[in-house]
Amino acid sequence: MFRNQYDTDITTYSPQGRVHQIEYAMEAVKQGSAVVGLRAKDYVVLATLKRSTSELASNQRKLFEIDSHVGVAISGLTADARVLTRFMRTECHNHKFVYETSMPVSHLVLTIADKCQVSTQRASKRPFGVGLLVAGYDATGAHLYQTCPSGNYFEYKAFAIGARSQSAKTYLERHFETFEELDLKDLCRHAILALQETVSSSKDTELTTKNTAIAFVGKNQSWKIVEDDDVEPFLTVLDVEDDDEDDAVAPESSAPVEMDQS
């Protein structure tokens with residue numbers, strides 16, 4: 001994308017009917033590190049790939065708790081994400097204070113989508129350059145939502161956002177029909193395998209305990225983030241997959257070759 005005369009403020013439309021600042025904000029989401037979300041009947045799992053600016057810096061935090069029954073994973077500008085997550089926490093606390101019950105996930109997502117949309121129609125503001133995957137469990141079951149800088153929001157059975165997320169989406173499209181009845185352990189396994197697809201094309205990056213984090217919430221399970229050394233048991237599924245591929249290739253490579261005696 002290149003700068004032009006129609007992207008100076010958020011209220012200016014181009015002759016093609018485009019609002020360039022919103023497109024720039026959505027591009028920031030695409031350039032953030034990958035985030036994967038999966039939903040079963042009773043659980044929701046989020047898996048994230050954390051980045052660091054250099055080897056001397058710690059990895060950027062990607063998972064945030066909103067309430068005991070809901071949390072988010074982010075892709076894009078972390079500063080904007082902190083503003084939105086603080087607003088979401090306030091909304092949850094206010095709802096619990098007034099109604100003495102946890103805020104429905106759908107209501108929370110609608111509220112944050114409205115806040116994002118307001119930033120697309122006032123000249124004094126700019127769009128939030130961050131996308132959210134919102135995972136929660138309420139009286140209606142488990143939910144996984146995606147929010148967009150434009151103010152749109154969608155509910156998914158499984159989704160991925162961020163850099164090279166299309167590879168993860170391809171994996172999810174092949175397996176999402178089996179997610180509904182899975183338990184938490186198997187759902188986490190699929191989340192790690194889908195996240196692995198986003199780094200499989202990069203020779204310099206692989207999933208480790210330093211750059212991988214998982215969070216889940218569900219029935220009788222409050223929001224929990226697993227990272228650093230605690231995520232090691234979830235990464236063992238990658239070693240199992242590699243061993244299965246090696247076993248599948250070995251018989252083919254060891255098959256005898258018939259020589260033509262004619």
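Tyr99 counts as exposed, since its relative accessibility is 56% and the cut-off for that label is over 50%. The residue sits in helix α2, which covers residues 78–99. Together with Phe97 and Val98, Tyr99 makes up a nonpolar patch on the surface, and the three of them have about 420 Å² of accessible area together. Keep in mind that this is a predicted model.

Now for the overall picture. The protein has 262 residues, and 44% of them count as buried. Its secondary structure comes to six helices and 10 strands. Take the contacts in the protein with a separation of 6 or more: residues 24 or more positions apart account for 61% of them.

Here are some residues with their relative accessible areas.

| Residue | Relative accessible area | Class |
|---|---|---|
| Thr147 | 2% | buried |
| Cys188 | 2% | buried |
| Thr209 | 17% | buried |
| Arg164 | 40% | partly exposed |
| Glu232 | 40% | partly exposed |
| Asp228 | 45% | partly exposed |

Thr147 belongs to strand β6, residues 141–147. What does Thr147 touch once its neighbours within four places in sequence are left aside? The list runs to Val109, Ile112, Gly131, Leu132, Val134, Asn152 and Tyr153. With a relative accessibility of 2%, Thr147 is labelled buried because the limit is under 20%.

Cys188 is in helix α5, and it is buried too, at 2% relative accessible area. Skip the neighbours within four places in sequence, and Cys188 is in contact with Val45, Ile214, Phe216 and Phe234. There is also a C-alpha pair to look at: Cys188 and Val237 are 49 residues apart along the chain, and their C-alpha atoms are separated by 9.7 Å.

Thr209 is found in the loop that runs between α5 (184–197) and β9 (212–218). Leaving out neighbours within four places in sequence, its contacts are Asp228, Asp229, Val231, Glu232 and Leu235.

Asp228, Asp229, Asp230, Glu232 and Asp239 form a negative surface patch. Within that group, Glu232 lies in helix α6, residues 232–253, and is partly exposed at 40%. Asp228 is located in the loop between β10 (221–227) and α6, and is partly exposed at 45%.

Asp228 has a backbone feature worth a look as well: its phi is near 55°, a positive value in a residue other than glycine. Most residues other than glycine have a negative phi. Where else does a phi near 55° turn up? Arg164 has one, again positive in a residue other than glycine. Arg164 lies in the loop between β8 (158–161) and α4 (165–175), and with 40% relative accessible area it is partly exposed.

Terms used: Residues are numbered from 1 along each chain as its sequence is written. This is a predicted model: local features need pLDDT of at least 70, side-chain atom pairs count only at pLDDT 80 or more; totals for chains, interfaces and linings use all residues. Side-chain values use heavy atoms; hydrogens and water are left out. Patches are made of residues with over 30% relative accessible area and no salt bridge: like charges are joined within 9 Å, nonpolar side chains (Val, Leu, Ile, Met, Phe, Trp, Tyr) within 5 Å. Accessible areas come from the Shrake-Rupley method with a 1.4 Å probe; for residues, only the protein chains shown count as cover. A salt bridge is a side-chain nitrogen of Lys or Arg within 4 Å of a carboxyl oxygen of Asp or Glu. Lys and Arg count as positive and Asp and Glu as negative; His and the chain ends are not counted. The place of a charge is taken as NZ of Lys, CZ of Arg, CG of Asp or CD of Glu. Helices (H or I, at least four residues) and strands (E, at least two) are DSSP runs, numbered from the N terminus. Buried means under 20% relative accessible area, exposed over 50%, partly exposed in between (1.4 Å probe, protein chains only). Contact means heavy atoms within 4.5 Å.
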